[in-house]
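Please open the model in a viewer and prepare to select charged side chains one group at a time. The tour below follows their pairings.

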Amino acid sequence: MRMNVQIGSSSFTATLEENAAVDALVEMMENGPVTIQMRDYSGFEKVGPLSRSLPTCDSQTTTYAGDIVLYQGNQIVMFYGSNTWSYTRLGRINDLIGWEEALGSGDVTVTFSLEG
């Protein structure tokens, strides 16, 4: 399954994982696009709160640019750098051309929606 990730005027497609957190996120997107404010954290990721918690299946993992994960059950993290921590994987951006530029250096508004 895929979802659209809109950051300002830039649009990306992500391939989603198969887990309970993704099922819950898809359920949220079936009711309409999910828009969150994301802030820059440590110069390698954007973090934004969800309106509710999702199920977690955290595991220690190393993330790379384009990875989208769930942190603490209620925050989405999108990477433009790399980190190792305990996350629940949600998906990965398919084409990283323009990804880092779209995320920029400050806060961003991101909208997630089902592809289709």
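A salt bridge is counted here when a side-chain nitrogen of Lys or Arg lies within 4 Å of a carboxyl oxygen of Asp or Glu. Side chains of opposite charge can pair when their charged atoms come close. This is a predicted model, in which local features need pLDDT of at least 70, side-chain atom pairs count only at pLDDT 80 or more, and totals for chains, interfaces and linings use all residues. Residues are numbered from 1 along each chain as its sequence is written, and side-chain values use heavy atoms, with hydrogens and water left out.

By the salt-bridge rule, the count is three.

First, select R89 and D67. Their side chains form a salt bridge at 3.3 Å, N to O. R89 lies in strand β8 (residues 83-93) and D67 in strand β6 (residues 67-71), so this pair ties together parts that are 22 residues apart in sequence. Strands are DSSP runs of E with at least two residues, numbered from the N terminus. D67 is buried at 4% relative accessibility, and R89 is partly exposed at 26%. Buried means under 20% relative accessible area, exposed over 50%, and partly exposed in between (1.4 Å probe, protein chains only).

R92 is in strand β8 and D67 in strand β6, so the pair ties together parts 25 residues apart in sequence. Shared partners join D67, R89 and R92 into one network.

Finally, select K46 and D40, whose salt bridge has its closest N and O atoms 3.0 Å apart. K46 is buried, at 0% relative accessibility, whereas D40 is partly exposed, at 26%.

Methods: Helices (H or I, at least four residues) and strands (E, at least two) are DSSP runs, numbered from the N terminus.
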